[in-house]
Amino acid sequence: MSEQRKHLKSQSAVAFDHSATNVAASHMRNALNRLADSVEDTEERKKFANEMDTFFALFRRYLTDKAKGSTIDWERINPPNPKQVVSYKDIQGNEQKTDNLSKLAVLKLNGGLGTSMGCVGPKSVIEVRDGKSFLDLSVRQIEHLNRQHNTDVPFILMNSFNTDEDTQTIIKKYQGHNVNIKTFNQSRFPRVYKDSLLPVPKDFNDSIDSWYPPGHGDLFESIANSGVLDELIEQGKEVLFISNVDNLGAVVDVNILEHMLESNSEYIMELTDKTRADVKGGTIIDYDGSVRLLEIAQVPKEHTEEFKSIKKFKYFNTNNLWINLKAIKRVVENDELAMEIIPNHKSIKVKGNTVEVLQLETAVGAAIRHFHGAHGVNVPRRRFLPVKTCSDLFLVKSDLYHLTSGRLEMSSSRYGGAPLVKLGGHYKKVSDFQKRIPYIPYIVELDHLTITGNVTLGKNVTLKGTVIIVCEEGKKIDIPNGSELENVVITGSLSILEH
């Protein structure tokens, strides 16, 4: 084929993609207008139309990116340089400088449900320690902070349409506490049929399964549209500390706050050293001299193993973020945000039929490249203590940690980091976990624990070193009260005798 024919063929393909993009965008725009027309209340319709405009901009960008192909050039990616990631050790020593707490607000991302752990309702209300939930511990932390330093750090929850109603009921119990709680909702976007690229809902009041909260990258638009952003700025707040509600290590740190203000940075991302358990976590990169977040979804398949390498990419994103409030206002008002889109494919039921749908999401960490002086701080592992599974729940409930003013602190008796705990499918749901492990064993000297199958632990059990318990399918293993297991492998089907 001649060069001229290749060029013409390439031009033809580009023209076709451009035409297809325009057609899909036009059909989506018409469908969204019909959705907006289905809203009866005038004020509600205006708010909904604004949300649909935001969604349409995201959808249009998705179509354009899809037509162009991958926008990441692997050859331009490098590990971050020393100016782009600062060591926590180098910013310590400001613990007594608490005056700037008056400039701080704390926000928890509270849009998720506890379905992955077999719970109903917001994940933040799962009981994690001493009868207290994620939300209880977070409120207690801010309450203690305000009382101890005579300050007024507000506590903000970004809810979703899935969690808002339950959360509003729950937070009533904190009235009278020394903490000002604000809430706002992230957007409600329509799921899209994978084949037709049209919205699943036909009406504003269609089933809740037709809609989705579009990831925590929606924070910027939502906090601005809610009025909470302007309210915080008017109160003299300058910095917003953001973290996932299920990260029990994400407590206010004056060292990072002081460093942010002294360095005039608009955005700081907390990073921690990557281990083999974190290989899929997003990481900071240097991309043509600027800081970016790289997620595994953006990595070309042929470079996946390189991305997972602990040698080349040493850090991963904890999603503990410190962002300047006025900078948020600027990037939203100037329409500067263009975060990488994460296509999330799902299977849902529509009128009894299973259909494939698409959710377009963004991550708050991807906004790092839109802020001045943005960089990472390499923090200790203690600041990353997420509870995503019952294996994580096992750890935070144990004697490995003690609870002080809503903060979990590792026992001084522990000689290193947390042990590796792997609980099998019989422990996926919180209810099954509680049934089989009603009493958390003593694990201060534990290195590794694997339990699979129908295994029940008794009271006052002590685990040390490496303990592996594998029960055969259809059988049962009971570990009796008072057992001490150290460096053992137990398999088959048995009940250990009392001793």
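Visitor: Which residue does UniProt list for "binding site" in an unreviewed entry?
Guide: In this predicted model, H216 is a residue that UniProt lists under "binding site", from an unreviewed entry.

Visitor: Where is H216 found?
Guide: H216 sits in the loop that joins β10 (211–212) to α5 (219–226).

Visitor: What is H216 in contact with, leaving aside neighbours within four places in sequence?
Guide: Its contacts are L109, M158, N244, N319, T362, A363 and V364.

Visitor: Where else does UniProt place the feature "binding site"?
Guide: The unreviewed entry also gives K123, Q186, G215, D246 and K388.

Visitor: Let us take Q186. Where is Q186 found?
Guide: Q186 lies in the loop between β7 (181–185) and β8 (189–190).

Visitor: Why does Q186 count as buried?
Guide: Q186 has 8% relative accessibility, so Q186 counts as buried; the cut-off is under 20%.

Visitor: What does Q186 contact, apart from neighbours within four places in sequence?
Guide: The contacts of Q186 include E51, G111, M158, N159, P213 and G215. UniProt's "binding site" positions in the unreviewed entry include G215 as well.

Visitor: Now D246. Where is that residue found?
Guide: D246 belongs to the loop between β11 (239–244) and α7 (254–263). D246 is buried, because its relative accessibility is 5%.

Visitor: Which residues does D246 touch, not counting those up to four places away in sequence?
Guide: D246 touches K123, F134, L385, P386, V387 and K388. Among them, K123 and K388 are also "binding site" positions in the unreviewed UniProt entry.

Key: Residues numbered from 1 in each chain as written. Predicted model: local features only at pLDDT ≥ 70, side-chain atom pairs only at ≥ 80, totals over all residues. Heavy atoms only, no water. UniProt positions renumbered as here; feature names shortened; annotations may be inferred. Helix = DSSP H or I, 4+ residues; strand = E, 2+ residues; numbered from the N terminus. Buried < 20%, exposed > 50% of the residue type's maximum accessible area, 1.4 Å probe, protein only. Contact = heavy atoms within 4.5 Å.
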